[in-house]
Amino acid sequence: MGTSQLLLGVLFSSIGLGYFIYGKKQKTIVPFLCGLILMIFPYFIENTGLIILIGAVVSAIPYFVRL
């Protein structure tokens, strides 16, 4: 694991923690699940471009999907 992958993992995990806490307090499922995904996925992906792509897409989902 390189430095860029580590820093991107920290970045997307911190965004995920924010979504997770928000979803838990507001009792909304979309930010809650996106937060979980953002905190977990960097452990399984090693490609830097794929980390950026998945992180950006999952970070944008709560903005467009309101349930």
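## Basis

The model is predicted: local features need pLDDT of at least 70, side-chain atom pairs count only at pLDDT 80 or more, and totals for chains, interfaces and linings use all residues. Residues are numbered from 1 along each chain as its sequence is written, and side-chain values use heavy atoms, without hydrogens or water.

## Nonpolar core

Eight residues make up the largest nonpolar core: L8, F12, V30, C34, L38, F41, I51 and V58. Such a core is a set of buried Ala, Val, Leu, Ile, Met, Phe, Trp, Tyr and Cys residues joined through side-chain atoms within 4.5 Å. Buried means under 20% relative accessible area, exposed over 50%, and partly exposed in between (1.4 Å probe, protein chains only). Helices α1 (3–26), α2 and α3 each give two or more residues to this core. α2 gives the most, with three. Helices here are DSSP runs (H or I, at least four residues), numbered from the N terminus.

C34 touches V58, I61 and P62, leaving out residues up to four places away in sequence. Contact means heavy atoms within 4.5 Å. In soluble globular proteins, nonpolar side chains tend to be buried together.

## Aromatic pair

The whole structure holds three aromatic pairs. One of them joins F12 and F41. This pair is tilted, at 6.2 Å centre to centre and 50° between the planes. It links distant parts of the chain: F12 sits in helix α1, F41 in the loop between α2 and α3, 29 residues apart. Both F12 and F41 are buried.

Rings of Phe, Tyr and Trp (its six-membered ring) pair if their centres lie within 6.5 Å. Planes under 30 degrees apart count as stacked, over 60 as edge-to-face, and the rest as tilted.

## Nonpolar surface patch

I29, L33, L50, L53, V57, I61, Y63, F64, V65 and L67 form a nonpolar surface patch. Together they have about 1000 Å² of accessible area, from the Shrake-Rupley method with a 1.4 Å probe, where only the protein chains shown count as cover for residues. Patch residues have over 30% relative accessible area and no salt bridge, and nonpolar side chains (Val, Leu, Ile, Met, Phe, Trp, Tyr) are joined within 5 Å. A salt bridge is a side-chain nitrogen of Lys or Arg within 4 Å of a carboxyl oxygen of Asp or Glu.

α2 (29–40) and α3 (48–64) each supply at least two patch residues. α3 gives the most, with six. L50 lies in helix α3. L50 counts as partly exposed because its relative accessibility is 35%.

## T3

T3 is in helix α1. At 59% relative accessibility, T3 counts as exposed. The C-alpha atoms of T3 and G55 are separated by 17 Å, with the two residues 52 apart along the chain.

Terms used. Patch = residues over 30% accessible without salt bridge, like charges linked within 9 Å, V, L, I, M, F, W, Y side chains within 5 Å.
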